Amino acid sequence: MRAATRAGDSDFIDELQAIAFGPGRFARTAFRIRERFPIDMSLSLIAEVDGTPCGSVWMTPISIGGINGYMLGPLATHPDFRKLGAGKLLAREVTARTLARGEGSFVMLVGDRDYYCPLGWEPTTLGNIEFPGPVDPERVLLFAADKSLAQTLAGPIEAFIED
């Protein structure tokens, strides 16, 4: 696991996302959020197996209901390396690093409950979080030290509030 700062990392991430999500990735609501708010490159990570990049994850600073947090994603693993735990390792590590900073209270994502809930994510109250486009509210998940936040966080996704 390392920061995505080496020459060629951007190309690897672009290619990986194209493989993982196809051309439809640009139409996803999550992509709209990342267009509006800058990705925090200091929290962009690459997973490697024996020195070969095999997965990546990004974090986007956001605010919901006046509470700062981050949106995880996209998280992608190259098909040749799936089912080896790299994706779960990326999700855990980037979340731990993000929350350890103390600048945000949560990590939100849109993903499969069967994959993320065993890692500590919790379903949010359906419809509480307002996205800039269609999203399946059953897939909106939250990780926070305050376990009640998944049920109470509400409002539109907005820019991270700077002090």
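A salt bridge is a side-chain nitrogen of Lys or Arg within 4 Å of a carboxyl oxygen of Asp or Glu. Arg2, Arg6, Asp9 and Glu48 are linked in a network of such bridges. This is a predicted model, in which local features need pLDDT of at least 70 and side-chain atom pairs count only at pLDDT 80 or more, while totals for chains, interfaces and linings use all residues. Residues are numbered from 1 along each chain as its sequence is written, and side-chain values use heavy atoms, with hydrogens and water left out.

**Overall build**

- The protein chain has 5 helices and 9 strands; helices (H or I, at least four residues) and strands (E, at least two) are DSSP runs, numbered from the N terminus.
- The radius of gyration of the protein chain, taken over C-alpha atoms, is 15 Å, close to the 15 Å that the globule rule (2.2 Å times the number of residues to the power 0.38) gives for 163 residues, so the chain is as compact as a globular protein of that length.
- Along the principal axes, the C-alpha atoms of the protein chain fill a box of roughly 40 × 30 × 30 Å.
- Of the 163 residues of the protein chain, 43% count as buried, where buried means under 20% relative accessible area, exposed over 50%, and partly exposed in between (1.4 Å probe, protein chains only).

**Salt bridges**

- The structure holds 10 salt bridges.
- Side chains of opposite charge can pair when their charged atoms come close.
- Arginine 2 and aspartate 9 meet at 2.8 Å, N to O.
- Arginine 2 is buried because its relative accessibility is 11%, and aspartate 9 is buried at 4%.
- Glutamate 48 pairs with arginine 6, their closest N and O atoms being 3.3 Å apart.
- This pair links distant parts of the chain, 42 residues apart: glutamate 48 is in strand β2 (residues 45-49), and arginine 6 is in the loop between β1 (2-3) and α1 (9-21).
- Glutamate 48 is partly exposed at 26%, as arginine 6 is at 49%.
- Arginine 97 and glutamate 93 form another bridge, with the closest N and O atoms 2.7 Å apart.
- These two residues are separated by about one helical turn because they are 4 residues apart in helix α3.

**Positive patch**

- Arg82, Lys83, Lys88 and Arg92 form a positive surface patch, in which residues have over 30% relative accessible area and no salt bridge, and like charges are joined within 9 Å.
- Arginine 82 lies in the loop between β4 (67-77) and α3 (86-100).
- Its relative accessibility of 42% is why arginine 82 counts as partly exposed.

How values were computed: Patches are made of residues with over 30% relative accessible area and no salt bridge: like charges are joined within 9 Å, nonpolar side chains (Val, Leu, Ile, Met, Phe, Trp, Tyr) within 5 Å. Accessible areas come from the Shrake-Rupley method with a 1.4 Å probe; for residues, only the protein chains shown count as cover. Lys and Arg count as positive and Asp and Glu as negative; His and the chain ends are not counted. The place of a charge is taken as NZ of Lys, CZ of Arg, CG of Asp or CD of Glu.
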